[in-house]
Amino acid sequence: MPYGETKVYFDGSHFIAIPHTERPTRRRPKPIEEIITVTETPPETIQQSKDESAVTDDVIAPIPLVEEHNEQVTEQADSTPQAVNDSPKTERKMTRKELFNELYQDSLSVKKSERRKRIITAMLPYFKNETETAYYVDRNLERKQRNLICRRVRLSRKINLQAFNYFVTFTYNDALHTEDSFKKGLKKTLANFSTRKGWKYVGNVSKNVIAQMRKSN
């Protein structure tokens, strides 16, 4: 067996070698996904409509005369459709998978059950019925979980093969950086050290730790 071509990784206790094979494999073509039109309403418009409806329900006006009441009903009937039609809406062309990824990213801070309900509710208009929507969402949630496990396994194998020297924590001053600019500058600096001096590093962003450190200071 050509040991020089084996792939070796360390699981924390043992070095494991995977022999090199030349088994011919054929890549499966990715299925072409259907392009859908996603209609969105800006959050400002949704909040404004909620506020208007709340004010309308809370205000208790005296009962007017019959003639005045009819005039008010006519005015409301004429004005209500106009407000609905004038609300700005945006349309985007994307696939169902792209829409799912956006909804999944937006709901990372909630529990899994609540996340599933939100995604199914948001994607229901783009399927025939709720059963197909739930099946599609569950299948993609399993895909996300499987990909996460694979990434963690690959990361642990890479880390166990290295002998790291230091553990450091970086913070930034709000007067000099924002979160995005700090990430960009730190990544660029570490990438330069990796290219020029052969550094190997693993990083993780922890917002809770940063917030606690700022409060303590």
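**Figure 1. Sequence separation of contacts in the chain.** Of the contacts (heavy atoms within 4.5 Å) between residues at least 6 apart in sequence, 60% link residues at least 24 apart. The model is predicted: local features need pLDDT of at least 70, side-chain atom pairs count only at pLDDT 80 or more, and totals for chains, interfaces and linings use all residues. Residues are numbered from 1 along each chain as its sequence is written, and side-chain values use heavy atoms, with hydrogens and water left out.

**Figure 2. Elements of the chain.** The chain has seven helices and four strands, where helices (H or I, at least four residues) and strands (E, at least two) are DSSP runs numbered from the N terminus. Their order from the N terminus is β-β-β-α-α-β-α-α-α-α-α.

**Figure 3. Packing of helices α4 and α5.** Helix α4 (residues 112–123) packs against helix α5 (residues 130–160) at an angle of about 130°, and their axes lie 10 Å apart. Axes are lines fitted to C-alpha atoms, for helices over the stretch in contact, and angles run from 0 to 180 degrees between N-to-C directions. The two helices are therefore oblique to each other; angles under 35 degrees count as roughly parallel, over 145 as roughly antiparallel, 65 to 115 as roughly perpendicular and the rest as oblique.

**Figure 4. Residues between α4 and α5.** From α4, Lys112, Arg116, Ile119, Ile120 and Met123 meet Thr133, Ala134, Tyr136, Val137, Asp138, Leu141 and Gln145 of α5. This contact comprises seven nonpolar, two polar and three charged residues.

Note on methods. Ala, Val, Leu, Ile, Met, Phe, Trp, Tyr, Cys and Pro count as nonpolar, Asp, Glu, Lys and Arg as charged, and the others, Gly among them, as polar.
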